[in-house]
Amino acid sequence: MITLQYFEPSDFQELISWSGDEAFLLQWAGTQFKFPLSEDQLLEYLKDSNDMNTSNKLIYKAIDVETNQTIGHISIGGIDRQNRSGRVGKVLVGNKGVRGQGYGKQMIQQILKIGFGDLKLHRISLGVFEFNESALLCYEKSGFIKEGLVRDARRYKDSYWNLIEMSILEDEWRMGL
């Protein structure tokens with residue numbers, strides 16, 4: 001079982017150590033970060049975040065309750081209080097030794113609870129690269145619905161990656177509880 005706690009500067013080095021190579025960083029973090037990930041980029045990322053009442057992004061570390069070990073990272077951004085929407089991003093089970101054990105789904109369940117419960121959102125979306133089959137399966141098991149495909153959405157070196165857009169609505173989430 002995991003819990004989410006706000007990501008803070010003392011967590012920077014661990015996330016940097018998990019960030020991987022250029023392709024992996026692009027896969028889990030999108031275009032906001034440039035390789036190599038640095039503390040300066042993370043300071044900018046944290047700016048104006050983590051105020052439940054006013055911030056347009058909430059950034060978390062995922063902690064295994066039994067071991068008290070940080071095992072991942074997740075955020076909900078693009079928080080639009082008027083339209084009651086947000087977007088999950090930067091989903092990473094960073095500790096390679098615990099991948100494939102259900103932590104990703106737990107992280108998604110927790111962020112949806114924050115989004116629909118605490119923030120009172122109506123719609124939460126995300127984007128996932130077409131080749132990331134384990135993440136796609138995790139999001140589908142969590143109730144996300146595929147909305148469409150953004151072809152050649154990201155360029156990495158000499159190739160392009162397709163992005164699958166997904167979302168879940170408040171009523172769909174409540175039915176799955």
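1. Strand 3 and strand 4 run antiparallel and are joined by six bridges; strands count as paired if DSSP finds at least two bridges between them. Helices (H or I, at least four residues) and strands (E, at least two) are DSSP runs, numbered from the N terminus. Within this pairing, His73 stands opposite Leu92 of strand 4. The hairpin of the two strands has four residues between them, and Arg84 takes a positive phi near 55 degrees there.

2. The model is a predicted one, in which local features need pLDDT of at least 70 and side-chain atom pairs count only at pLDDT 80 or more, while totals for chains, interfaces and linings use all residues. Residues are numbered from 1 along each chain as its sequence is written, and side-chain values use heavy atoms, with hydrogens and water left out.

3. Strand 4 also pairs with strand 5, in the parallel sense, over three bridges. Gly86 has Ile124 of strand 5 as its bridge partner. Between strand 4 and strand 5 the chain passes through helix 4 (residues 103-118), and this β-α-β crossover is right-handed; that is, with the strands pointing away from the viewer, the path from the first strand over the helix to the second runs clockwise.

4. Because eight of its nine residues are buried, strand 4 is largely enclosed by the rest of the structure. Buried means under 20% relative accessible area, exposed over 50%, and partly exposed in between (1.4 Å probe, protein chains only).

5. Helix 2 (residues 22-29) has Ala23, Leu25, Leu26, Trp28 and Ala29 buried. These residues pack against several elements, including helix 1 (12-18), strand 3 (69-80) and strand 4 (85-93). At the start of helix 2, a side-chain oxygen of Asp21 comes to within 3.3 Å of the backbone nitrogen of Ala23. Gly30, just after the helix, takes a positive phi of about 70 degrees.

6. Lys57 lies in the loop between helix 3 (39-46) and strand 2 (58-64). Lys57 is buried yet has no salt bridge, and the nearest side chain of opposite charge, Glu44, is 6.8 Å away; a salt bridge requires a side-chain nitrogen of Lys or Arg within 4 Å of a carboxyl oxygen of Asp or Glu. A polar atom of the Lys57 side chain does lie 2.5 Å from the backbone oxygen of Tyr45.

7. Gln13 belongs to helix 1. Gln13 counts as partly exposed because its relative accessibility is 48%. The C-alpha atoms of Gln13 and Lys57 are separated by 21 Å.

How values were computed:
Contact means heavy atoms within 4.5 Å. A polar contact is a pair of N or O atoms within 3.5 Å; within protein, one must be able to donate a hydrogen and the other to accept it, and residues adjacent in sequence count only if both atoms are side-chain atoms. Lys and Arg count as positive and Asp and Glu as negative; His and the chain ends are not counted.
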